[in-house]
Amino acid sequence: MNAKDWYIRGMRDGIPIGLGYFAVSFTLGIASKKAGLSAAEAAVMSMAMLASAGQFAGIGMLAAGAGWAELVVTTVVVNMRYLLMSSALSQKVRQDQPFFHRFFMAYEVTDEIFGISMAVPGKLYPSYMYGAATAAVPGWVAGTFLGAVIGMILPESVMSALNVALYGMFMAVVIPPSRKSRIIAGVVVLSMAASWLWTVIPGLQEISSGFQMIALTILIAGAAAWLFPVQEKEAKDDGR
């Protein structure tokens, strides 16, 4: 497959993500409007960040009148999980690809795009992520914009239904590889159990969700990599 083929494949895999983003980001647009942002400002924010948790955290702090320094620090902490995702993707990108691709790919790292990119067999071509982002990002931005414009007139029942789409996207990313590998399925179940325990164990409840995700990812993914290492493929499949 050449770069064009990988781009088309990425677009195809990114279309369901874009549809899900369109539905979920309606809520983000409404929250942005309540915080005093215009529809255009909300859309620019979504285009620049592509991070639902970070954006909701930032909007909440804007609504509370927080300062810019506090806003930036909080958003960075909430989005720190993307450092782990980027580190994993950096090991999967073909080594014969120019380095500058990594800068553009970093912008496109979301939970869902990361999931489908890591699920690609073998090494990853940057064109795949470009295609996925081409299909997914417009859905996120357009949903935010329309949420800020018309979201306030939607019934509460409709908004609740739209929120379910986010969980549907995660399920669509997790279930296929879990069905193919018992190890992945076990890691998914263990992660869910550990995340729940984190919310009920005294003391850990006070730690932010961003640090929680980072800590659990390092512990569980590190243990899985140590117990079930993946053998390196032949050099011709590594892109070297």
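This tour moves through the structure from the whole chain to single residues, naming at each stop what to select.

**Before starting**

The model is predicted, so local features need pLDDT of at least 70 and side-chain atom pairs count only at pLDDT 80 or more, whereas totals for chains, interfaces and linings use all residues. Residues are numbered from 1 along each chain as its sequence is written, and side-chain values use heavy atoms, with hydrogens and water left out.

**The whole chain**

Display the protein chain in cartoon form. Its secondary structure comes to twelve helices and zero strands; helices (H or I, at least four residues) and strands (E, at least two) are DSSP runs, numbered from the N terminus. Of the 240 residues of the chain, 38% count as buried. Buried means under 20% relative accessible area, exposed over 50%, and partly exposed in between, with a 1.4 Å probe and protein chains only. Among contacts between residues at least 6 apart in sequence, 78% join residues at least 24 apart, where contact means heavy atoms within 4.5 Å.

**Helix 1 with helix 3**

Select residues 3-34, which form helix 1, and residues 52-63, which form helix 3. Two packed helices are described by the angle between their axes and the distance between the axes. Axes are lines fitted to C-alpha atoms, for helices over the stretch in contact, and angles run from 0 to 180 degrees between N-to-C directions. Helix 1 and helix 3 pack at about 15°, with their axes 9 Å apart. That angle makes helix 1 roughly parallel to helix 3; angles under 35 degrees count as roughly parallel, over 145 as roughly antiparallel, 65 to 115 as roughly perpendicular and the rest as oblique. Helix 1 passes helix 3 in a left-handed crossing. A crossing is left-handed if the near helix is turned anticlockwise from the far one by less than a right angle, and right-handed if clockwise.

Show the side chains of Thr27, Leu28, Ala31 and Ser32 in helix 1 and of Gln55, Phe56 and Ile59 in helix 3, which make the contact. The residues of this contact of helix 1 with helix 3 divide into four nonpolar, three polar and no charged. Here Ala, Val, Leu, Ile, Met, Phe, Trp, Tyr, Cys and Pro count as nonpolar, Asp, Glu, Lys and Arg as charged, and the others, Gly among them, as polar.

**Helix 1 with helix 7**

Asp13, Ile17 and Tyr21 of helix 1 meet Glu112, Ile113 and Ile116 of helix 7. By class, this contact of helix 1 with helix 7 has four nonpolar, no polar and two charged residues.

Now colour helix 7 by accessibility. Seven of its eight residues are buried, so helix 7 is largely enclosed by the rest of the structure. The buried residues are Asp111, Glu112, Ile113, Phe114, Gly115, Ile116 and Ser117.

**Helix 2 with helix 8**

Select helix 2, residues 39-49, together with helix 8, residues 126-150. Their packing angle is about 155° and their axes lie 8 Å apart; the two helices are therefore roughly antiparallel to each other. Their crossing is right-handed. Ala39, Ala40, Ala42, Ala43, Ser46 and Met47 in helix 2 meet Trp140, Val141, Thr144, Phe145, Ala148 and Val149 in helix 8. The contact of helix 2 with helix 8 has ten nonpolar, two polar and no charged residues.

**The largest nonpolar core**

A nonpolar core is a set of buried Ala, Val, Leu, Ile, Met, Phe, Trp, Tyr and Cys residues joined through side-chain atoms within 4.5 Å. Select Ile113, Leu124 and Met129, which touch the most other members among the 33 residues of the largest core. Helix 8 supplies the largest share of this core, nine residues. Centre on Leu124: leaving out residues up to four places away in sequence, Leu124 touches Leu89, Lys92, Val93, Arg94, Met105, Ser117 and Met129.

**Two leucines**

Move to Leu37, in the loop between helix 1 and helix 2. Leu37 is buried, with a relative accessible area of 17%. Apart from neighbours within four places in sequence, Leu37 is in contact with Ser32, Met45 and Leu62.

Finish at Leu190 in helix 10, residues 182-200. Leu190 is partly exposed, with a relative accessible area of 49%. Leu190 and Ile220 are 30 residues apart in sequence and 7.9 Å apart in space, C-alpha to C-alpha.
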